[in-house]
Amino acid sequence: DQEVCFSDTCTLGADPIIGYSYSWSPATGLSATDIANPFANPLSTTTYTLTVSDGVCIATDQVVVTVNSFPANLAGLDQLICDGGGVMLGRDAIPNCVYVWSPATNISSTTIAQPIVMSANNVTYTVEVTDTTNGCSTRDEVLVDVKGGGLYNGISPNGDGINDDWTIPMLDCYPSNKVIILNRYGAEVWKGTDYNNRDNKWNGRNINGEALPDGTYYYVIAYNDTEKRGWVFIKR
């Protein structure tokens, strides 16, 4: 019987004997099913059966390949930091495992399963987890996406795919929101709720879908008991 780390390969069987035929099953993870000692790389623990024949007599034997694997998403799901807050990475600690996180910046610890991150910039963290009982290790990544309170003050909705829409990063953190666009005379020309920077956003058009003229407009953004006011410029 064999014991391997996830994605590692081992050799089954023994040296071939002249005049004998070999048949392995199942074929999953095997380099070949008709040789004496194929390579095995199963994704999970598998019992392989070998049938050997000399043309008259038939014998069978079995071998178990135990795959030592880790749970998925050891670094956790991608995280969002809003307005200078913090997030916890990772998953519950696995017994007999050691953890190493990198980079070591803005992280509460690089050697625990679930550190806290407080970052001002987008960062991809990598964790390497090693099982001390068998030496197997794996790596996983998680993106920490930081959304601040800043706004883009201009759009150029000319259809070139660059700055055609108004992106409001902080609203990714506050899906329940309201955005109003006013012209220079204070008249409401566009409004939307649950602004999401994807399929519900302002593209320089009015409520009726007509292109607004170039110039300065004013906004009111309401979210999480907060209201922001300012200006945004259209330049095609």
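## Salt bridges

Aspartate 214 and arginine 236 form a salt bridge in this predicted model. Their closest N and O atoms lie 2.9 Å apart. The pair links distant parts of the chain, 22 residues apart. Aspartate 214 sits in the loop between S15 and S16. Arginine 236 belongs to the segment after strand S17 (226-234). Aspartate 214 is partly exposed, at 38% relative accessibility. Arginine 236 is also partly exposed, with a relative accessible area of 35%.

How many salt bridges does a search of the whole structure find? The count is 7. Another of them pairs aspartate 165 with lysine 201, with 3.2 Å between the closest N and O atoms. Aspartate 165 lies in the loop between S13 and S14, and lysine 201 in the loop between S15 and S16, so this bridge ties together parts that are 36 residues apart in sequence. Aspartate 165 is partly exposed, with a relative accessible area of 26%. For lysine 201 the relative accessible area is 26%, and this residue is partly exposed.

## A strand-to-strand pair and a network

Glutamate 128 forms a salt bridge with arginine 139. Here the closest N and O atoms are 3.5 Å apart. Glutamate 128 is in strand S11 and arginine 139 in strand S12. The pair is 11 residues apart and links distant parts of the chain. Is arginine 139 buried or exposed? Arginine 139 has 57% relative accessibility, over the 50% cut-off, so it counts as exposed. Glutamate 128 is partly exposed, at 29%.

Salt bridges also join up into a network. Its members are Asp145, Lys147 and Asp172. As a general point, side chains of opposite charge can pair when their charged atoms come close.

## Disulfides

The model has 2 disulfides. One joins cysteine 5 to cysteine 136, with an S to S distance of 1.9 Å. Cysteine 5 is in strand S1 (residues 2-5). Cysteine 136 is in the loop between strand S11 (123-131) and strand S12 (137-147). These cysteines are 131 residues apart, and their pair links distant parts of the chain. The link is left-handed, with -90° about the S-S bond. Cysteine 5 and cysteine 136 are buried.

The other disulfide is formed by cysteine 82 and cysteine 173. Their sulfur atoms are 2.0 Å apart. Cysteine 82 lies in strand S7 (residues 79-82) and cysteine 173 in the loop between S13 and S14, so the pair ties together parts that are 91 residues apart in sequence. The torsion about the S-S bond is about -100°, so this disulfide is left-handed. Cysteine 82 is partly exposed, with a relative accessible area of 24%. Cysteine 173 counts as buried, at 14% relative accessibility.

What is the pairing when the bonded cysteines are numbered in sequence order? The pairing is 1-3, 2-4. Cysteine 10 is in no disulfide. Its nearest cysteine sulfur belongs to cysteine 5, 11 Å away. A disulfide needs sulfur atoms within 2.5 Å, so that distance rules the pair out. Cysteine 10 has 8% relative accessibility and counts as buried.

## The open sheet

An open sheet is formed by 5 strands. Their order is S13-S17-S16-S14-S15, and the pairing is mixed. Which strands stand at the edges? They are strand S13 (154-155) and strand S15 (188-193). Each has a single partner strand, so one side of each is left without a neighbour in the sheet.

Inside that order, strand S14 (residues 177-182) pairs with strand S16 (residues 215-223). The sense is antiparallel, over 6 bridges. Asparagine 177 stands opposite tyrosine 223 in S16.

## A nonpolar surface patch

Met88, Ile116 and Met118 make a nonpolar surface patch of about 280 Å². Methionine 118 is found in the loop between strand S10 (116-117) and S11. At 52% relative accessibility, methionine 118 counts as exposed.

Technical notes:
Residues are numbered from 1 along each chain as its sequence is written. This is a predicted model: local features need pLDDT of at least 70, side-chain atom pairs count only at pLDDT 80 or more; totals for chains, interfaces and linings use all residues. Side-chain values use heavy atoms; hydrogens and water are left out. Two strands pair if DSSP finds at least two bridges between them. Helices (H or I, at least four residues) and strands (E, at least two) are DSSP runs, numbered from the N terminus. Buried means under 20% relative accessible area, exposed over 50%, partly exposed in between (1.4 Å probe, protein chains only). A salt bridge is a side-chain nitrogen of Lys or Arg within 4 Å of a carboxyl oxygen of Asp or Glu. Patches are made of residues with over 30% relative accessible area and no salt bridge: like charges are joined within 9 Å, nonpolar side chains (Val, Leu, Ile, Met, Phe, Trp, Tyr) within 5 Å. Accessible areas come from the Shrake-Rupley method with a 1.4 Å probe; for residues, only the protein chains shown count as cover.
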